[in-house]
Amino acid sequence: MVLQEADLLRQLVRIPSVNPVFATDGSGGEGLLTDFLQNLLDELGWRWLRQEVHPGRDNLIALCPGKNWGPGKNWGPGQSEEVTLWEVHQDTVGVAGMTIDPFAAEESEGRIWGRGACDIKGGMAAMLTALSRAQADPGRQQSTVLLAMTINEESGFTGADALCRFWTDDPERQVSSAEVHGPLSLTELQGLRPGQAVIAEPTQLDVVVAHKGASRWHCHTHGLASHSSQPELGRNAVYAMADVLRAIEAYQEEELGLWRAAPALWSSRRLCQYDSGRFGSEYRTRPCCDCDRPSAFAGRVSAEGL
Ligand SMILES: [Zn+2]
């Protein structure tokens, strides 16, 4: 079976897989998508393994044999030919502030629109489609590929961390059989340690070899309450936070100035921003609307690339 990338992308976008961190109404989780992907792998005839990372939230790993795989050939579990890991996460950020139906996957201006259409379901559709084409024409696929579809990339990376445990040398971190199920055995997967990996993050087809990392802090400023008739006895915590905000704004401008002056020297634009959580956005997106009652005394500060 050969997949069609646009049709598959529409299907993927229409299955919500918002990270639970971003779904305060309890609707989050990757489970529906994992079930869809498992059925798809069965239709493609690829053996898979599900790894429970959190209750109801599973990594899904598929084996796509290369052309040298199989009895009588020079490749099999535990042998030295390289395995390539293709990795793509299943979760998306939330839908706060979106002005279109996040899960309609409507097409306009030659694009498919919806939550996750770019990050990450476009990459997921591309990887699945490419592998289905290679499998349909075995002469084209050079190496064996493990396709890992992990959970919780948008908040905590526990899916990727759990994936690495298949090939760890630390006996205390090794995956147990109680954590996994599926037609691909744990022993077989453990014998397929990848020598290289490709991650499906959207980079406009640039090769990106490093990640800038992220740090986040919750900042609090403290005031002193007083009656409005005696303002001289109090201290307004919002004004103290205003100083923090101006310092963050200045730092961001300084960083952007460095990047504008010499973009080739900076792998990416570094972001430092404040988000009170009340501006109609999440910490992965930048606040876009004014708050009419600036009553937040505490907020998150993100600094990527520090
Ligand atoms: Zn992503």
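In which loop is Phe-157 found? Select Phe-157: the residue is found in the loop between β6 and α4, where helices (H or I, at least four residues) and strands (E, at least two) are DSSP runs numbered from the N terminus. Residues are numbered from 1 along each chain as its sequence is written. This is a predicted model, in which local features need pLDDT of at least 70, side-chain atom pairs count only at pLDDT 80 or more, and totals for chains, interfaces and linings use all residues.

**Two residues with positive phi**

Phe-157 has a positive phi of about 60° although it is not a glycine. Phe-157 is partly exposed, with 14 other C-beta atoms within 10 Å. (A residue is buried if 20 or more other C-beta atoms lie within 10 Å of its own, exposed if 12 or fewer, and partly exposed in between; C-beta atoms are placed from the backbone.)

Next, select Glu-109, in the loop between β4 (106-108) and β5 (111-113). Glu-109, also not a glycine, has a positive phi of about 50°. Glu-109 is exposed, as 5 other C-beta atoms lie within 10 Å.

**The sheet**

Now display the strands. An open sheet of 6 strands runs in the order β7-β1-β2-β6-β3-β8, with mixed pairing; two strands pair if DSSP finds at least two bridges between them. At the edges are β7 (180-181) and β8 (196-199), each of which pairs on one side only. Within the sheet, β3 and β6 pair in the parallel sense over 7 bridges. Select Val-83 to find Thr-144 of β6 standing opposite.

Contact requires C-beta atoms, placed from the backbone, within 7 Å.)

**The core**

The largest nonpolar core has 40 residues, of which Trp-48, Ile-61, Ala-62, Met-124, Leu-146 and Leu-147 touch the most other members. Such a core is a set of buried Ala, Val, Leu, Ile, Met, Phe, Trp, Tyr and Cys residues joined through C-beta atoms within 7 Å. Among the elements that each supply at least two residues are α1 (5-13), α2 (31-44) and α3 (121-136). Centre on Ala-62: leaving aside neighbours within four places in sequence, Ala-62 is in contact with Leu-41, Trp-46, Trp-48 and Leu-147.

**Confidence**

Finally, colour by pLDDT, the predictor's confidence in each residue from 0 to 100. The protein's mean pLDDT is 84, and 79% of its residues reach 70 or more. Select residues 289-299, where the pLDDT is below 50; this stretch has 21 contacts in the model beyond near neighbours in sequence.

How values were computed
Contact = placed C-beta atoms within 7 Å.
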